[in-house]
Amino acid sequence: MAISNQTRSRIKRLGEPVALALGRAGLTPNGLTLAGFAITTIGALLLANGLWLAGGIVVFAGASFDMLDGALARASGRVSRFGAFLDSVLDRAGEAIVYVGLVWGTLGLGLSRPVVLAAAAMAAAFMVSYTRAKAEGLGFSPGTGMAAVGLAPREVRTVILSLGLVVAGLLPGVTVAAGGAASGAYPLSALVLEGALGLIAILGTATVVQRILHTREQARRQGPATAADETPGRPD
């Protein structure tokens with residue numbers, strides 16, 4: 001189960017009218033990329049202050065610009081390799097900032113499990129992106145082929161995280177006693193956060209395994225590499 005490239009393309013086309021309207025207002029594709037990153041950063045700051053509902057909505061809004069910048073680039077004929085590079089780099093940076101904000105915010109709950117799960121989800125998310133980048137860098141799954149492999153590409157992770165944050169923001173929070181221990185029953189908001197982060201960690205790890213197996217199968221079909229194809233000992 002995964003989002004096919006055809007489905008991904010149809011979803012992105014839905015954003016073209018909005019993207020073109022922003023383009024007519026003077027924004028460029030790279031400008032939308034930077035705006036999306038700025039919005040995501042604001043969302044991360046909200047999460048760092050434990051504002052799950054507002055943070056979840058703003059983080060989702062920032063991630064939506066990932067669709068709009070590409071839509072504007074394609075519709076306006078401004079597709080460029082640097083634009084694709086900037087988009088990918090700021091996508092990763094934005095995701096990192098969101099999880100750092102989550103770790104900071106969950107520290108304020110006085111509970112350790114949400115902090116650990118936030119770190120685990122961040123690690124899984126980055127491994128998903130790295131396996132795609134590494135496979136494509138070595139000539140496997142060119143274009144957007146690897147994007148459709150796996151249970152938890154970025155779009156799925158964003159939806160799971162945003163929904164978890166919104167629901168957590170609507171549920172009762174935690175009351176921390178003066179001694180630092182959580183008082184009363186375990187808070188529902190923390191359980192929802194843990195569920196969303198744990199799901200991202202599990203599905204992300206499964207996606208990494210799926211992409212490794214997919215790349216291995218491609219390598220088998222291509223046959224053994226020649227000496228010219230190999231890059232032994234290159235550090236990453």
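Colleague: What secondary structure does the protein have, and what pattern does it follow along the sequence?

Modeller: In this predicted model, the secondary structure of the protein comes to eight helices and zero strands, so that reading along the sequence gives the pattern α-α-α-α-α-α-α-α.

Colleague: Why is α6 called roughly parallel to α8?

Modeller: Helix α6 (residues 113-137) and helix α8 (residues 188-222) pack at an angle of about 25°, with their axes 8 Å apart. Angles under 35 degrees count as roughly parallel, and that makes α6 roughly parallel to α8. The crossing of these two helices, α6 and α8, is left-handed.

Colleague: Which residues of α6 and α8 meet, and how do they divide by class?

Modeller: From α6 the contact includes Leu 117, Ala 121, Ala 124, Met 127 and Val 128, and from α8 it includes Leu 197, Ile 200, Ala 201, Gly 204 and Val 208. By class, the contact of α6 with α8 has 14 nonpolar, six polar and four charged residues.

Colleague: What makes the pair α4 and α5 roughly antiparallel?

Modeller: Here α4 and α5 pack at an angle of about 175°, and their axes are 11 Å apart. Because angles over 145 degrees count as roughly antiparallel, α4 and α5 are given that description. Trp 52, Val 59, Asp 66 and Asp 69 in α4 meet residues of α5, among them Asp 87, Asp 91, Val 98 and Leu 102. The residues of this contact of α4 with α5 divide into four nonpolar, two polar and four charged.

Colleague: How do you know that the span of α8 agrees with its number of residues?

Modeller: The 35 residues of α8 should span 51 Å at 1.5 Å a residue, and its end C-alpha atoms are 51 Å apart, so the two values agree. Just after α8, Gly 223 takes a positive phi of about 85°.

Colleague: How far does α7 reach, and what covers its buried residues?

Modeller: Helix α7 (residues 154-170) has 17 residues and reaches 24 Å from its first C-alpha to its last, close to the 24 Å expected at 1.5 Å a residue. The buried residues of α7 include Arg 154, Arg 157, Ile 160, Leu 161 and Leu 165, and what covers the buried residues of α7 includes α3, α4, α5, α6 and α8.

Colleague: Why is Ser 129 called buried?

Modeller: Ser 129 lies in helix α6 and has a relative accessible area of 16%. Buried means under 20%, and therefore Ser 129 is classed as buried. Leaving out residues up to four places away in sequence, Ser 129 touches Arg 92 and Arg 157.

Colleague: What share of the protein is buried, and what share of the contacts joins residues at least 24 apart in sequence?

Modeller: Buried residues make up 36% of the 236 residues in the protein. Among contacts between residues at least 6 apart in sequence, 80% join residues at least 24 apart.

Technical notes: Residues are numbered from 1 along each chain as its sequence is written. This is a predicted model: local features need pLDDT of at least 70, side-chain atom pairs count only at pLDDT 80 or more; totals for chains, interfaces and linings use all residues. Side-chain values use heavy atoms; hydrogens and water are left out. Axes are lines fitted to C-alpha atoms, for helices over the stretch in contact, and angles run from 0 to 180 degrees between N-to-C directions. Helices (H or I, at least four residues) and strands (E, at least two) are DSSP runs, numbered from the N terminus. Angles under 35 degrees count as roughly parallel, over 145 as roughly antiparallel, 65 to 115 as roughly perpendicular and the rest as oblique. A crossing is left-handed if the near helix is turned anticlockwise from the far one by less than a right angle, and right-handed if clockwise. Contact means heavy atoms within 4.5 Å. Ala, Val, Leu, Ile, Met, Phe, Trp, Tyr, Cys and Pro count as nonpolar, Asp, Glu, Lys and Arg as charged, and the others, Gly among them, as polar. The expected span of a helix is 1.5 Å times one less than its number of residues. Buried means under 20% relative accessible area, exposed over 50%, partly exposed in between (1.4 Å probe, protein chains only).
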